[in-house]
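Here's a quick tour of one protein chain for anyone meeting it for the first time. Have a look at the fold, then read on.

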Amino acid sequence: MLFTKMEGLGNDYVYVNGFETGIDDPADIARRISDRHFGVGSDGLIQVLPSEVADLRMEMRNADGSLSEMCGNGLRCVGFYAVMRGLVESRTMTVETGAGVLDLEVVEIHDERRATVRVGMGEPGLDRAQLPMAGAPGRVIREPIEVDGETFEVTAVSMGNPHAVIYVPDTGSFPVERFGPALETHAAFPSRVNVEFVTIVNRSEVIQRTWERGTGETMACGTGAAAVTVAGVLTGETDSPLTLHLTGGDLLVSWDGDGPVIQTGPATEVFTGEWLG
């Protein structure tokens with residue numbers, strides 16, 4: 001099976017051209033190919049497939065084989081991948097995802113390996129049921145949740161996949177590996193949840209670390225950055241546009257309190273190869 005390794009801010013996936021290659025058991029392949037010791041090593045597997053409602057379809061699986069609705073970093077790479085392989089005729093395209101049909105534009109191709117891509121991430125889901133999250137209907141803004149002996153204030157946002165945004169004094173010293181998995185599997189989130197731990201630098205900058213559902217801590221999370229931007233507007237903590245400093249680099253995200261979230265960031269091809277597993 002031919003594949004391409006790509007990354008957006010260190011959030012890396014293995015990409016397969018589904019126009020040419022079929023995968024019988026993508027959950028199994030995702031688990032094995034994502035292994036960083038015995039496989040290629042990645043945060044998951046993304047198939048670029050034909051679509052009946054858009055130019056392309058993105059099917060994304062986490063490193064544990066579970067399906068994920070969306071990934072902003074992954075989607076930017078899909079756009080660059082499609083342009084460079086002639087799967088689309090224009091740098092502007094629509095992509096079918098588990099979060100609906102989204103728009104993207106490959107704004108600039110720097111060279112054969114690097115591009116800047118702008119993505120319309122869709123409108124955020126702000127009702128508890130859209131995550132889903134247990135409790136009475138309505139928005140979840142700074143709602144206290146107790147886990148592992150500590151209480152955190154959670155602001156919940158769906159970007160097609162569920163996110164819990166939590167402000168902490170210092171992301172650098174915060175024990176993400178302790179509280180990330182405990183929050184991911186908290187009873188309040190029946191479908192599990194991605195967790196963003198955020199430190200405010202100023203009203204236009206934050207530092208973000210993400211514990212991703214089904215994968216663990218990743219160097220970047222595009223939908224998480226979108227959720228953090230929305231949470232900042234909802235809580236009044238930050239403005240839009242917002243620069244987010246992730247472990248793998250920076251993203252620029254905007255949301256004006258209504259309509260879609262817009263995100264701009266890099267997409268990079270790392271290498272291509274053949275999977276013999």
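Of the chain's 277 residues, 55% count as buried, meaning under 20% relative accessible area; exposed means over 50%, and partly exposed sits in between (1.4 Å probe, protein chains only). A heads-up: this is a predicted model, where local features need pLDDT of at least 70 and side-chain atom pairs count only at pLDDT 80 or more, while totals for chains, interfaces and linings use all residues. Residues are numbered from 1 along each chain as its sequence is written, and side-chain values use heavy atoms, with hydrogens and water left out.

**The overall picture**

The chain has four helices and 17 strands; these are DSSP runs numbered from the N terminus, with helices being H or I of at least four residues and strands E of at least two. Its radius of gyration is 18 Å, close to the 19 Å that the globule rule gives for 277 residues, so the chain is as compact as a globular protein of that length. (That radius is taken over C-alpha atoms, and the rule is 2.2 Å times the number of residues to the power 0.38.) Along its principal axes, the C-alpha trace spans about 50 × 35 × 35 Å. Take contacts, meaning heavy atoms within 4.5 Å: among those between residues at least 6 apart in sequence, 62% join residues at least 24 apart.

In soluble globular proteins, nonpolar side chains tend to be buried together. A nonpolar core here is a set of buried Ala, Val, Leu, Ile, Met, Phe, Trp, Tyr and Cys residues joined through side-chain atoms within 4.5 Å. The largest one has 51 residues, and Tyr15, Leu56 and Leu244 are among those with the most contacts inside it. Helix α2 (residues 72-84) gives the most to this core, with seven residues. There's also a second, separate core of 21 residues, which includes Val154, Val176, Ala188 and Phe197.

In α3 (residues 176-184), the buried residues are Val176, Phe179, Gly180, Leu183 and Glu184. Seen down the axis of α3, they fall within an arc of 130 degrees, so they line one face of the helix; the arc is that of the directions from the helix axis to the C-beta atoms. Their cover includes β9 (143-147), β10 (150-158) and β12 (194-202).

Helix α1 (26-34) buries Pro26, Ala27, Ile29, Ala30, Ile33 and Ser34. These fall within an arc of 165 degrees down the axis of α1, so they too line one face of the helix. They pack against β2, β3 (44-49) and β4 (56-62).

Most residues other than glycine have a negative phi, and most peptide bonds are trans. Here are some exceptions.

| Site | Feature | Value |
|---|---|---|
| Leu131 to Pro132 | cis peptide bond | omega near 0 degrees |
| Ser240 to Pro241 | cis peptide bond | omega about 5 degrees |
| Arg142 | positive phi | about 55 degrees |
| Asp148 | positive phi | near 50 degrees |

Where does Pro241 lie? In the loop between α4 (222-235) and β15 (242-246). Arg142 is partly exposed at 28% relative accessibility. Asp148 lies in the loop between β9 and β10 and is partly exposed as well, at 45%.
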